[in-house]
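Me: I'd like to learn how to read a few features in this one. Can you walk me through them?
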Amino acid sequence: MRIDKRRLYHLDWYLIINGLVLFGVGIFNLISATSSFYSGSFNFIIKQLVAFFIGNGLILIILHYDYRAIAHQSKWLYMGGLLLVVLVLIIGMAAGGAKRWISIFGINIQPSEFMKPIIILFLANMLYERKKHSVKLGLKDIMRPMAAIFIPALLIIKQPDLGTGIIIVLTGFSILWFVGLKKSTYALLFALGAISPFIAWMYLMKPYQKMRILSFINIDADPSGFGYHAKQAMIAVGSGRFFGKGYMEGTQHKLQFIPEHHTDFIFTVIGEEWGFFGSIILFLLFAAFIWRCIKIAQNANDEIGAIIAFGIGTMIFLQFSINVMMAIHLAPVVGIPLPFISYGGSSLLTVLASTGLLLNINMRRYMF
Amino acid sequence: MERFIKDANTIVDSKYTWSKRILVFILIILLVRLWDLQIMRGQEMKRLSEQNRIRIKKVVAPRGVIYDKKGRILADTRPSFNIYITHEDIKNFDQTIDGLVSLLKISKEEIMERLEATKGLPPSFPVKIKSDISMDDVAKIEANRVYLPGVNIQIEPKRFYHYGKMFAHMIGYVSEISDDELKKKEYKDYSPGDYIGKYGLEKAYEAYLRGMDGEKRVEVDSRGREVRTLEQKDPIPGNSIYLNVDLDIQAVIDKALENRRGGCIVVDPKTGGVIALVSRPAFDPNKFASGITKQDWQAIALDKTHPLQNRVIQGRYPPGSTFKIVSALKGLESGIINERTIFSCRGGFPYGGRVFRCWKKGGHGSVNIHRAIVESCDVFFYNLGLKLGVDRIHEMSDIIGLGRVTGIDLPSEKDGLVPSTEWKKKTYGQPWFEGETVSVSIGQGAVWLTPAQLVQLASFVANEGINYKPHIVNRIVSPEGKVIKTFEPVINANVKLKKDTIRLVKEGMKGVVNEGSGTAYGSRLENVSMSGKTGTAQSVGEKGRNLGDHAWFIAYAPSDNPSVAISVLVEYGGHGSSAAAPVAKMVTDRMFNEKKEIKEARLNENR
């Protein structure tokens, strides 16, 4: 199958530029964030750029196929993804410790990341007919989608990767809401939402994760442990004030007061070095990107495209807002990368593939 | 059908609207929070982040160097490694403390004690835990850095005494300032862990030697490691001091008094400049400078031989026969005796129902003042003393400076005692008995003098009625090499004595060393004529045990134009002639042989 040349005219250049700017900001910021590492910035930047080029290749492949065709085959992707997640669990257990990634040819990949868009595709394929006919989902109807969400989510939380698990659950539920729910289903989901934290606390969460929650509630309870990092992150962002300390001038991350300041805590670097001003610009870039996702969903040719675009927009929105909230002590510390900005090949590939899907949907919004 | 589609669209549309509303809502929350953190509380957060990264560290100023008269270094500073703990940077208190205990030879109690002492200070204040650790320990700490957050190794100048024990009592030592001292007003610009002169010249000249500590603003990382220096105020080194002391002479005495107890002081009678000052037994000042251990301190403090005592200025002993010079001076000066006055010595002097013995059992026969000094006849001075009365002896002593502090530039000098009727009345409320005068005239009884006071007597005779306050420091020189203070000789006694008085006493003292019958004939020198007076003082035995007599010798040389005055005391040394005089001989020999050699060398040059 060849891409119709006319389709290329309908490539969403707005989204492309928005994404490129975000990625550019990310790379630029990553140089500063990794400059204090013993090995220097170079390796990080190279790896990130390699992931970016692979990601672009992935976009081209995705554009090549109709998103509907991809969604129709999503059960294979889903099963493959699930297999990898289980594999990580098994390898992790065999290694006698927690593991979130598997090594393939020396490259560490994090299957839980890839699981996020796969589930979106899977749910879209499962539910688009319902949406098309505006059939609200009853209790019986949400059983299959719930299983599709929770099986991978629980496995991922078990890894333990609480952050990605939460993103998957929240994105999945958002899609269910987007498709439309009956009142009774709302009631059930609210009940579920109310008890799930307790279930998670009792059965799923590891002691260190519980510590994070506790230190979120009382930041001074453990001033040397998790509370300490949360506090240092807050100090970093706050000390940036209006215009920030300047590029490469952030002392909090450079002097190692903040762990994971190149991945999950990357926003502290922006907040510290670029201040309120720079943070607003970053927020606007994300808001515009997410806004665009909603727009693409609205303009999509069919419900399957709308659900996919909405799901991706939700995913990016959740990751962005929770990640930032983590850094400014509005959310407990869970491992969630900031799309486009955080260091990490799997995360970047996932975001780029998702962007590919968005472009795909947008490009095929007209019938010829 | 159309209505249905329209309905469906509105339902879907409302979902999009809600999505956008949620997006905007969350964005507003984020912005409000950012505004709060970065704008409202930005100042505070900035301060917190600065506090995180910036530490103000003291840069200890190197203490002033101490030189001898020839510019040889006696004490200076060298780098040492000290361990500090910064409370604020400790992540896990027990881990850090236990780590230190297992790596260094230090007990947990000692660490806790030190932390306790600095309780009132901010948690960012580094507390010194151990001073002058070895390179091995430095390596151990460095290798385990990761497990010891909050622990820092600081390189700081440390006092080093090149000759150790040799100058212990003169130069003294520096040591960490104590809690009690810190509470005193005069030490208000010192902080815990600072070193301060505690003894000897280090204490007396603390203000000059100390210098001004500098300050360094450094950036530290989350483990408290220094990353870079942001700003530095360089320390100003302390001023150097040049002494009147001659290292060679000090070394001669140091060797002569090795394994003995006693003291020796050598001064230049023309200026009061101290050429050497040795007290034995001594301690090692370097032990104090590197943070003395409890055991070492106790060993020194509890030592029964009192190594911390500077016997030259703090040891009070009966002067014995050396005191006869005072009696002789007053007798001749007051005209009670003259050159022709003769007393008969039969080996004893009956007075008040008892017999005061002369050291020579057979007696000296008919003795004039010259023989009385040369042969140290006791009976002659018993007679003289009775004629003089204690008050006149006291009067002469007071002029010379005996019985009171000499004013030497060392801390904690002790006075002495030359009794008088007034003194007895004041102290005991009793009248003076003439019989006591008999003992005092030969330097026994209630006469207590330090070696430093007796060197004043030697100087007094050598200088014919003039002596100066002994002074160790010659000049103080700033780090740039500018002389900022010199010390002019300060006159202690200046009296016009009769020519005959001076002549007779000087001839007598010359005879002591140079005449065959002199008590110190054994210590005569070939090239130079030394004058002196021996003394053998009965000691008040410790706990009733008599350990022997104290040996004294005071001297000056050369006899005709003296340039050195010496006072030697050997505790329980026995006879002054055998125990003390040889020390003076060695000093004189060393001083004047060297001068002769130099003269010869110059002659060779001129040829």
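Me: Is B:Glu88 buried, exposed or partly exposed?
Reply: Start with the idea: a residue is buried if 20 or more other C-beta atoms lie within 10 Å of its own, exposed if 12 or fewer, and partly exposed in between, with C-beta atoms placed from the backbone. B:Glu88 has 16 other C-beta atoms within 10 Å, so it is partly exposed. Bear in mind that this is a predicted model, where local features need pLDDT of at least 70 and side-chain atom pairs count only at pLDDT 80 or more, while totals for chains, interfaces and linings use all residues. Residues are numbered from 1 along each chain as its sequence is written, and chains are lettered from A and ligands numbered from 1 in the order in which they are written.

Me: Where is B:Glu88 found in chain B?
Reply: Helices (H or I, at least four residues) and strands (E, at least two) are DSSP runs, numbered from the N terminus. B:Glu88 is in the loop between strand E3 (73-86) and helix H3 (93-103) of chain B. Its C-alpha atom is 9.3 Å from that of B:Asn52, 36 residues apart along the chain.

Me: Which residues touch the most other members of the largest nonpolar core?
Reply: Such a core is a set of buried Ala, Val, Leu, Ile, Met, Phe, Trp, Tyr and Cys residues joined through C-beta atoms within 7 Å. Here the largest has 122 residues, and B:Ala458 and B:Ile566 touch the most other members. Helix H20 (residues 451-462) of chain B gives the largest share, eight residues. Domain 2 (54-164 + 213-241) and domain 3 (247-282 + 311-601) of chain B both contribute, so the core lies between them; those bounds come from an automatic or database domain assignment.

Me: What is B:Ala458 in contact with, leaving aside its neighbours within four places in sequence?
Reply: Two residues are in contact if their C-beta atoms, placed from the backbone, lie within 7 Å. For B:Ala458, the partners include B:Ile554, B:Tyr556 and B:Ile566. There's also a second, separate core of 105 residues, with A:Ile142 and A:Ala236 among them.

Me: How many residues of chain B are in contact with chain A?
Reply: In general, the size of an interface is often given as the accessible area lost when the parts come together. Counting contacts instead, 29 residues of chain B meet 32 residues of chain A. Helix H1 (2-40) and helix H2 (42-53) of chain B each supply at least two residues of that side, and H1(B) gives the most, with 16 residues.
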